[in-house]
Amino acid sequence: MAGNGHCNNNRLLFHSHQRLCSADILQPHEVRARIEATILKFLHLLASPTPTVADLPLIARRSKNARFRHSLFGDVTSIYLSQSLCRISLMKINVAKTFIRVWKVLELCFQLLVHGKQVTQRELFYKLLSSSPKYFDSQVQVNKSVQDVVSLLCCSRNSLGLMPSSRGTVVGRLLIQEENQEIVDCSLLGPAGQAITGNLHLLENFVFQSNARYIFVIEKDAIFQRLAEDRIFNHIPSILVTAKGYPDIATRVFLHRLSKIFPTLPILALVDWNPAGLAILCTYKFGSIGMGLEAYRYACDVKWLGLRSDDLMLVPQDSKVMMKTRDLQIAKSLMSSDMLQDHKYKEELRAMIQGGQRVEIEALYAHGYEFLGRYMVTKVVQDDYF
Amino acid sequence: MGGRSEASTNPSHLLQRIRGFTLVLIEDLCKGRTSLVSIDRYRTHCKLIGPGDKCSCNSDMTDGREIISMEKESHANRLDVLLRVLLITQKLLLEGKHASKRDIYYMHPSIFIADQANVDRAISDTCILLHCSRHNLNVVSAGKGLVMGCLRFKESNRMFNCIRRPSVAYPVPVYVEEVKHIMGFARYILVVEKETVFQRLANDKFCEMNRCIVITGRGYPDVPTRRFLRLLIDELSLPVYCLVDCDPFGFDILLTYRFGSMQMAYDAKLLRIPEIRWLGIFSSDAEAIGLPRRCLLPLTHRDKKKAEALLQRCYLHQQVPHWRLEIEKMLQREVKFEIEALSVFSISMLSEEHLPAKIQEGRHL
């Protein structure tokens, strides 16, 4: 297809694809099989002529192991975790307990999978607190060990038997059909919208139909409900999605599926003018490192509709509030991340830091509450997003 | 609250009252009279000074009045905010639009002096002056609650057939006045504090197995959840049970359902649920199942302060003294106990054994 340049790109992509690690969504029997394989390997090494205690190879969830890949088709850039491993060994004193914790969680998950039960992370905490008090004494430890198991087995957290939860809701010009269920028409719903199920298996099998021309991703629930009540999806044929803050996996899977089934629909984000808002936009756009194994698959080409630096003149002075320490911390970490290199977003972030102020979307209500809808329509019509 | 009927809270009546109120103010100003605005005070509870103290919190009487005068400088700002809010609600009613408290704040942030609390108070004052509830002013909040189970109802034009999929969560409707045709095939209603417990019950198909309705406010219940619950009870006349963690914040949530919140004290009569029965969990449940001591988490300093504050509330001494004993027991032992701890021996212990047995045997407070 192309000259040298393209060929190089092709090869690079293929090579990077080979280095890419991801978590699979598996059925219970497949996860059990992976656990059994881990055990067998461990026993095999222990029973060999030169017995050794096997290390646990976990995909490293650190920013050093995170890379960015640019998709060949389309404009999706996403985080992925490479194959750099973190080896946890029983022989090293400072990680010995971590080693044992991983095995304890493996044991518990195996039992749960055998019984076909699902648990919440809190319930997991109590079970581990009760059965292995020497190794677990806080929820944070349990959560970390769960992520270690995800890195070890390369399967999604949901596949391990952890109950999925989702904060996402959707409303607008979309018809959703689950297997053997009635079709849900998201344009007939009240402002709370339709809850997006946390069950990733179900989500992957939804059938969608739509006559929308845009997909709006809204940071906050209050704005989502306002736009839903004003029926903005009738002024601009569109679908609205929110995760009420930082997006959970289920909402991102949902959005990703929409983007695959309706590839011509631009996905536009409406977030507050503050570092957290930009961070949320980036999570939808690139994925996150903490859940790097599950995240890369659900990156979408989300564009920034607002609020941006050129919208600040629309907002009265009193709605501009000083940024707090936490905001500056988030800004600093975004600035130093590789995510935003060579990106227009970096200029916007710089303007944000220099201005030192944050503005919520609700500030636009100073012009009346219909103003928000008009603002969005104007920007969309002028293709004012990137 | 004196002569409140359904008819008198419809938009045209409220608009009339707004005009009437403003007219009186203007007349006073024109004639050089001091304008006084009298706002009734309401409370759901008070702090008892001694164990023998009595109070009138239970009687739905007002707790005196506040007089706001245009002559006092400190009151002038409060009146200014009140008038602005009246103007905004008038617009909302005329246009048939809804807004949240936060939306209203943002319409004039300079006047409201960067303080949401000023707006909240003005909204309460407006409700008291106009003898109506907050939703009558078209001030609503984003709905938070979830419901599932053997229930069917209609909201505006949409049919919610929860009974078809009794383990699926539906959002609690925000415009509760639009809810009609409620039909329940349930034996009781169970209110749970946390979303995770709601999920656990959904996962274990609790509503199907026990023919009931489960509702959660996901923490402190918002007004739509409490209104919806009140509506269900009024329409279906079912027993209602409440399941919270054995910790001070769980108790506070139980008390909010039972007696209402101070912030919405003027509307407590419509929002509170005197019929609610406290199903647990209790410290005696931990002993009954032989829960290991380490699963009982220690009370933090904040927990203790909260529990002590709760114990001073008058209704815990006058109306529900048996509830007070449970809180005192918890303070004494200095441990708290979460519902999830019951999963230690068996994941489904809560839904398959604990709850059905308790309800069957009537072991509630």
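Predicted model: local features only at pLDDT ≥ 70, side-chain atom pairs only at ≥ 80, totals over all residues.
**Cysteines**

I then looked up B:Cys212. Which cysteine sulfur is closest to that of B:Cys212? The closest belongs to B:Cys207, at 4.2 Å, and that is too far for a bond. I also checked the accessibility of B:Cys212 and found 0%, so I noted B:Cys212 as buried.

B:Cys295 was next. I found B:Cys295 in no disulfide, its nearest cysteine sulfur being that of B:Cys246, 14 Å away. B:Cys295 also has a relative accessible area of 0% and is buried.

**Contact between chains B and A**

I turned to the contact between the two chains. How many residues does it take from chain B and from chain A? I noted 39 residues from chain B and 39 residues from chain A. The two chains bury about 3,600 Å² between them, and 50% of that lies on carbon and sulfur atoms. On the chain B side, I listed B:Tyr106, B:Arg165 and B:Arg294 as the residues that lose the most area to chain A; together they make up 17% of what that side buries.

I counted eight salt bridges between chain B and chain A. I looked at one of these, where the side chains of B:Glu352 and A:Lys117 meet at 4.0 Å, N to O.

Which elements of chain B give two or more residues to the side that touches chain A? I wrote down helix H2 (73–95), helix H3 (101–107) and helix H5 (195–203). By residue class, the chain B side that touches chain A divides into 16 nonpolar, nine polar and 14 charged.

**A:Glu348**

A:Glu348 sits in helix H13 of chain A, which covers residues 344–355. Is A:Glu348 buried or exposed? Its relative accessibility is 10%, so I recorded A:Glu348 as buried, the cut-off being under 20%.

I then listed what A:Glu348 touches, leaving aside neighbours within four places in sequence: A:Trp273, A:Trp304, A:Arg308, A:Ser309 and A:Phe386. I also took a distance from A:Glu348 to A:Val142, 206 residues apart along the chain, and the separation of their C-alpha atoms is 38 Å.

Technical notes: Residues numbered from 1 in each chain as written. Chains lettered and ligands numbered in written order. Heavy atoms only, no water. Contact = heavy atoms within 4.5 Å. Buried area = accessible area lost by both parts, 1.4 Å probe. Helix = DSSP H or I, 4+ residues; strand = E, 2+ residues; numbered from the N terminus. Nonpolar A, V, L, I, M, F, W, Y, C, P; charged D, E, K, R; others polar. Disulfide = S-S within 2.5 Å. Buried < 20%, exposed > 50% of the residue type's maximum accessible area, 1.4 Å probe, protein only.
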